[in-house]
Amino acid sequence: MHNQPRAKLILAAGAAVQLLTGIPAAWGVFQKPVMEEYGFSRGQATLVFALLVAAYGLGCLLGGWLQDAKGPRPAGLLGAALLGGGFVAAAFLPAGQILWFLLAFSLPAGLGSAFLAPSVLACAQKWYQDKKGFATGVTGVSMGLSGAFFTLIVRLAGGFWGMRFCFGLLGGIMLAVCGTGAALLKNPPDAGTDARTGSARDLPPGQMLRTRQYWLCLAAVALAAPPVLLFSPEILSIAADRGLPESLTPWCVVIGSAASAAGRLSCPAASDRLGRKPVLYAVYLGLAAGTAGFAFAGGWWAAVAYGALTFFYSGGAAVQPSFNTDLFGLTHAGINYGFLALGMSAGSLLSYAGSQLLPLSARHWAAGACALAGLICVILVKPVRQKA
């Protein structure tokens, strides 16, 4: 099925859409300009980011339900409207109104990104059922590169014409590109068939939620977030404090973006050959080691260590959808992935609380502990035994 021209078109559309949905990976380059343009404190700007990621997790659930019920195209088109609309709205919001910014930007942008994500991922996996990791990686690599794309736009458009123009420009691009990409999404005729067994494998959401495997996977997803999200909103200031010249700190986001893209491409592809769990073991061990390295790194080494964190975090996030369908089947892949993505919401809120309550040195310890706890959760996941 993946040799059909339609399958390649789905991958191309998914890659184009994902390039514009990786806002969390790039928020470090947004944080300071947003604070200056809208008069927000550090805590308020971090809350904008945290709520966006939390809304992403909730939106994956709603968008997954919609794409399972109506198909990927309606869910994707609604997601494009919410994402682009949130950015356009930010261009016109008054300064100092944090509540309006959260409601008009963070919520719709997070929900819109999430409506697009399960639509693209589930649709691509159904066209590439024998290469699910590869399909997830190809679409996910664009999401990883979005950090570099957003850095370029914010530095150029935002630097010359201000953040309001930048938000409006990005909103227009999102409406055009994501809307077009979503319009091309279409499930294959045998979307409910698992290519490995030739039979329908189906665990409905209600049954999935009663499994121990789901709750372990949910916890693992949540625990993967702090090693990156405890630091990413402030990565530019952290890098400057570690000795990197301020003019060069945006390269941390670019390096992190490139590493994220590499992780999203290589980890799912490796999981097709080596198995999902061995790759996820490496991901959580890498997060733990990367956190330790980042705690002591200075200068350019801080950027390299941050890149290692984004590599493993994004690689794990790209493996999880295939791990999810391996465990629970493809028929309800959208909404099942949405329930799994609630872990992102929990991890985002946990990271926001940690960033406000803990000093930087303590955040490193907390991040490392979360990575090791996530590893234990993955180790405990066993195959699901379906009832006859």
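Trainee: What should I know before reading the model?
Mentor: The model is predicted, so local features need pLDDT of at least 70 and side-chain atom pairs count only at pLDDT 80 or more, while totals for chains, interfaces and linings use all residues. Residues are numbered from 1 along each chain as its sequence is written, and side-chain values use heavy atoms, with hydrogens and water left out.

Trainee: How many cavities of 30 Å³ or more does a search of the whole structure find?
Mentor: A cavity is a set of points, on a 1 Å grid over the protein atoms alone, where a 1.4 Å probe fits but cannot get out; lining residues have an atom within 4 Å of a point. Points are joined across faces, edges and corners, and a volume is the space filled by probe spheres set on them. Here the search finds four.

Trainee: Which residues lie nearest the centre of the largest cavity?
Mentor: Arg264, Tyr313, Ser314, Ala317 and Met344, out of 41 lining residues. Helix H14 (residues 300-328) gives the largest share of the lining, ten residues. Helices are DSSP runs (H or I, at least four residues), numbered from the N terminus.

Trainee: At what angle do H12 and H14 pack?
Mentor: Axes are lines fitted to C-alpha atoms, for helices over the stretch in contact, and angles run from 0 to 180 degrees between N-to-C directions. Helix H12 (residues 250-274) packs on H14 at about 35 degrees, with the axes 6 Å apart.

Trainee: Pro268 is found in helix H12. Is Pro268 buried or exposed?
Mentor: Buried means under 20% relative accessible area, exposed over 50%, partly exposed in between (1.4 Å probe, protein chains only). Pro268 counts as buried because its relative accessibility is 0%.

Trainee: How many salt bridges does a search of the whole structure find?
Mentor: A salt bridge is a side-chain nitrogen of Lys or Arg within 4 Å of a carboxyl oxygen of Asp or Glu. The search finds six. In one of them, Lys32 pairs with Glu246, the closest N and O atoms being 2.9 Å apart. Lys32 lies in helix H2 (residues 23-38) and Glu246 in the loop between helix H11 (235-241) and H12, so the pair ties together parts 214 residues apart in sequence.

Trainee: Which residue does Glu37 meet in a salt bridge?
Mentor: Arg164, at 3.2 Å, N to O. Arg164 sits in helix H7 (residues 163-183) and Glu37 in helix H2, 127 residues apart. Arg164 is partly exposed at 24%, and Glu37 is partly exposed at 29%.

Technical notes. On a 1 Å grid over the protein atoms alone, a cavity is a set of points where a 1.4 Å probe fits but cannot get out, and a pocket is an open set with protein on both sides within 12 Å along at least five of seven lines; lining residues have an atom within 4 Å of a point. Helices (H or I, at least four residues) and strands (E, at least two) are DSSP runs, numbered from the N terminus.
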